[in-house]
Amino acid sequence: MKVAIVVGSIRKQSYNMKLAEYLKLRYADQITFEIVGIRDLPHYNQDVELDPPAVVKDFKERIAAADAVLWITPEYNYSIPGVLKNALDWLSRVDKVMNGKPSWIMGASMGQLGTVRAQEHLRDILFSVGITSPLLPNNEVYIGAVHEKMDETGKLIHEPTIGFIDIVVNNFINWMNSRK
Ligand code: FNR
């Protein structure tokens, strides 16, 4: 099973990116994760959506080639970061590559709520007309105080969180298999 990961933070030391890299290694025998970058995407512009820059075409192709997308996002000002919304806006148009493609969500923040509000907004966006992505029900992963749950190399070391993610990954695989 091939799952694209889109991370909503483009900063170098992003906890959410570290989480993505951790998942890629830990579950490599069950899921082929590909982290698909959004750093170089230009602002969405309807004037060029029919023939967008190559970086946008490549981004859409990589998402289209995946069996599902895992969104891993921080919360910015009670919502998702603009870079992630921008990526979703590109995906929502013309060939609508997310249409019918399953999604699941995780998020990490240094605060206690662990991106609850951002994920609420992201769920709404995933249900929008241009995206219409079936979402893994329940299994909500909110990682608060993430800076206390990773070691200095960015590896997740908080056993209760690791155990919970193990369960969620298993639930995701079962959900995907039940959809075949
Ligand atoms: C934040 N942060 C934040 N945290 C939160 O829990 N709720 C929020 O609304 C916000 N808002 C916010 C806005 C902006 C512009 C920044 C830069 C930060 C803190 C945020 O959770 C923290 O910086 C994370 O470490 C960002 O994730 P990455 O980059 O480490 O993946």
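**Exercise 1.** Work out which strands helix 4 lies across.

*Solution.* Start with the naming: helices (H or I, at least four residues) and strands (E, at least two) are DSSP runs, numbered from the N terminus. Helix 4 covers residues 116–126 and lies across strand 3 (68–72), strand 4 and strand 5. Contact here means that C-beta atoms, placed from the backbone, lie within 7 Å. Next, the direction: helix 4 runs at about 160 degrees to strand 4. Axes are lines fitted to C-alpha atoms, for helices over the stretch in contact, and angles run from 0 to 180 degrees between N-to-C directions.

Before going on, note that this is a predicted model, where local features need pLDDT of at least 70, side-chain atom pairs count only at pLDDT 80 or more, and totals for chains, interfaces and linings use all residues. Residues are numbered from 1 along each chain as its sequence is written.

**Exercise 2.** Find the strand order of the open sheet, then its edges.

*Solution.* Strands count as paired if DSSP finds at least two bridges between them. The 5 strands pair in parallel, in the order 2-1-3-4-5. Strand 2 (32–35) and strand 5 (141–143) are the edges, each pairing on one side only. Now zoom in: strand 4 (residues 103–108) is joined to strand 5 by 3 bridges, and A108 has I143 as its bridge partner in strand 5.

**Exercise 3.** Locate K96 and describe its phi.

*Solution.* Look in the loop between helix 3 (82–91) and strand 4. K96 isn't a glycine, yet its phi is positive, about 45 degrees. Most residues other than glycine have a negative phi.

Notes. Contact = placed C-beta atoms within 7 Å.
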